[in-house]
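Subject: Structure handover

Hello,

Here is the structure for your files, with notes on what was found in it below. Please read the notes with the coordinates open.

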Amino acid sequence: MEGLLIVLDTPGGSLDATRTMVQDIMGSTVPVVVWVGPDGAHAGSAGTFITLAAHVASMAPGTNIGAAHPIEIGGGDIDGPSDLRSKVENDTVAFIQSIAGTRGRNQEMAASFVRNSLAITAKEALENKVIDVIAPDIKTLMKGIDGREVKIGETTKTLQTAGAELVTFQRSFRHELLEILSNPNLFYLLFIVGLLGLAFEITHPGVIAPGVVGAICLLLALIASSVLPVNFGAMLLILASVVFMVAEIFLPSFGALGIGGLIGFVTGSILLIDDKAEPGMRISRWLIIPSALFLLLFFLGLGWLVMRNMRAKPKTGVETLLGAEVEAVEYFIDGHGRVRIFGEYWNATEVNHQTVKPGDRLLVEEIEGLNLKLRLLPSTRKD
């Protein structure tokens with residue numbers, strides 16, 4: 001393989017992922033060529049770092065590069081004390097300057113990309129030694145860099161790209177899915193929906209659908225956690241909070257479990273993404289607050305459903321016979337005889353010791369083992 005060509009058009013991305021890609025490019029054993037194109041494309045934020053790290057950096061006319069100041073993943077400035085913002089900024093400046101210095105590019109302008117969010121055109125980038133080549137298309141680029149010498153580690157390699165065959169890399173479905181799941185807000189929603197689905201299934205066994213949806217969402221959230229800086233202690237705190245809220249429905253804690261669960265849920269949500277490992281990446285507070293309110297309403301509704309079911313008249317078992325009307329199938333002798341109910345024959349006793357004939361209707365007042373205690377209904381008696 002003669003080298004790797006990266007066609008770049010990006011507004012930016014995760015700083016942690018950018019560091020990983022830059023490390024791979026800087027340590028590559030084959031030449032890496034980055035072309036920002038086609039016309040209208042840009043290498044914004046993280047794309048600036050990747051372009052500067054390439055052995056050969058090129059851009060198409062009508063493209064731009066820069067605006068690499070670190071920000072929150074939601075688009076705002078880093079939320080935190082001024083010293084934290086300065087720390088992140090200074091660290092990022094040092095990072096981009098080290099890249100530019102290693103590749104012999106303009107360190108002062110590279111620093112300005114971060115400090116001042118400077119963005120420049122392809123022509124300006126070439127004039128200021130930010131990139132090496134301007135090429136309108138890949139074919140022109142391959143001819144333009146043919147014979148160029150690049151340094152790979154301690155050795156120097158001469159590129160032979162004029163007649164090189166281009167083999168396109170196709171992303172797999174796995175990469176596409178991980179790219180979607182890598183959004184921390186989506187990961188958070190999947191995790192919460194998964195827990196709520198399982199909680200509903202546990203409190204209402206046999207519904208099935210909420211449990212299936214919850215299990216799928218929870219598994220997707222666990223997959224997403226492999227590509228995000230997730231604090232697993234916070235995940236356990238959220239899980240425990242949901243368990244406390246479920247327990248509040250069944251245990252007389254006078255709100256202690258529910259309130260503690262709600263506080264734990266909010267705290268765990270704030271700490272769920274480790275933004276120290278990944279500056280600027282965190283779950284939006286405008287997602288956490290509605291989620292906490294929804295969780296509260298969800299468990300209030302769930303508690304109401306559970307209490308309604310607990311107070312409802314049994315629909316299965318022996319208890320369903322209480323208050324039911326039955327029909328005598330024989331004469332009662334000394335107040336004892338047999339009745340038919342729901343197609344079954346039961347031994348019975350008439351509590352008032354009245355004469356009972358076959359076909360008389362009686363009301364079940366009590367159940368003792370396999371014997372029913374009945375009261376005759378005169379209005380339905382057959383003579």
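Strands E13 and E14 (residues 371–376) are antiparallel partners, joined over 6 bridges. Here a strand is a DSSP run of E with at least two residues, a helix is a run of H or I with at least four, and both are numbered from the N terminus. Two strands count as paired if DSSP finds at least two bridges between them.

On provenance: the model is predicted, so local features need pLDDT of at least 70 and side-chain atom pairs count only at pLDDT 80 or more, while totals for chains, interfaces and linings use all residues. Residues are numbered from 1 along each chain as its sequence is written, and side-chain values use heavy atoms, with hydrogens and water left out.

The E13/E14 hairpin

E13 and E14 form a hairpin with 2 residues between them. In that turn, Gly369 has a positive phi of about 65°. Opposite Lys373 of E14 stands Glu366. E13 (residues 361–368) also pairs with strand E10 (residues 325–328), in the antiparallel sense and over 3 bridges. In that pairing, Glu327 stands opposite Arg361 of E13.

The sheet E3-E5-E6

An open sheet is formed by 3 strands in the order E3-E5-E6, with mixed pairing. Its edge strands, E3 (42–44) and E6 (119–121), each pair on one side only. On average, neighbouring strands of this sheet are turned by 15° against each other, direction ignored. Axes are lines fitted to C-alpha atoms, for helices over the stretch in contact, and angles run from 0 to 180 degrees between N-to-C directions. E3 pairs with E5 (residues 64–66) in the parallel sense over 3 bridges, and His42 has Asn64 in E5 as its bridge partner. Helix H2 (residues 46–53) lies across E3 and E5 and runs at about 105° to E3; contact means heavy atoms within 4.5 Å.

Helix H1

H1 (residues 15–26) has 12 residues. From its first C-alpha to its last it reaches 16 Å, close to the 16 Å expected at 1.5 Å a residue; the expected span is 1.5 Å times one less than the number of residues. Leu15, Thr18, Val22 and Ile25 of H1 are buried. They cover an arc of only 75° around the axis, which puts them on the same side of H1; the arc is that of the directions from the helix axis to the C-beta atoms. Gln23 and Asp24, on the other side of H1, are exposed. Buried means under 20% relative accessible area, exposed over 50%, and partly exposed in between, with a 1.4 Å probe and protein chains only.

Backbone points to check

The peptide bond from Gly37 to Pro38 is cis, with omega near 0°. Pro38 sits in the loop between E2 (32–36) and E3. Two residues other than glycine have a positive phi, as follows.

- Ala67 has phi near 55°. It is in the loop between E5 and helix H3 (82–102) and is partly exposed, at 37% relative accessible area.
- Asp334 has phi of about 55°. It lies in the loop between E10 and strand E11 (336–341) and is exposed, at 68% relative accessible area.

Aromatic pairs

There are 4 aromatic pairs in the structure. Rings of Phe, Tyr and Trp (its six-membered ring) pair if their centres lie within 6.5 Å; planes under 30 degrees apart count as stacked, over 60 as edge-to-face and the rest as tilted.

One of the pairs is Phe49 with Phe95, whose ring centres are 5.3 Å apart and whose planes are at 20°, so the pair is stacked. It links distant parts of the chain, with Phe49 in H2 and Phe95 in H3, 46 residues apart. Phe49 is buried at 2% relative accessible area, and Phe95 also counts as buried, at 12%.

Another pair is Phe294 with Phe298: the centres are 6.3 Å apart and the planes at 35°, so this pair is tilted. These two residues are 4 apart in helix H12 (residues 285–311), which separates them by about one helical turn. Phe294 is partly exposed at 48% relative accessible area, whereas Phe298 counts as buried at 18%. Together with Phe299, Phe294 and Phe298 form one aromatic cluster.

Regards
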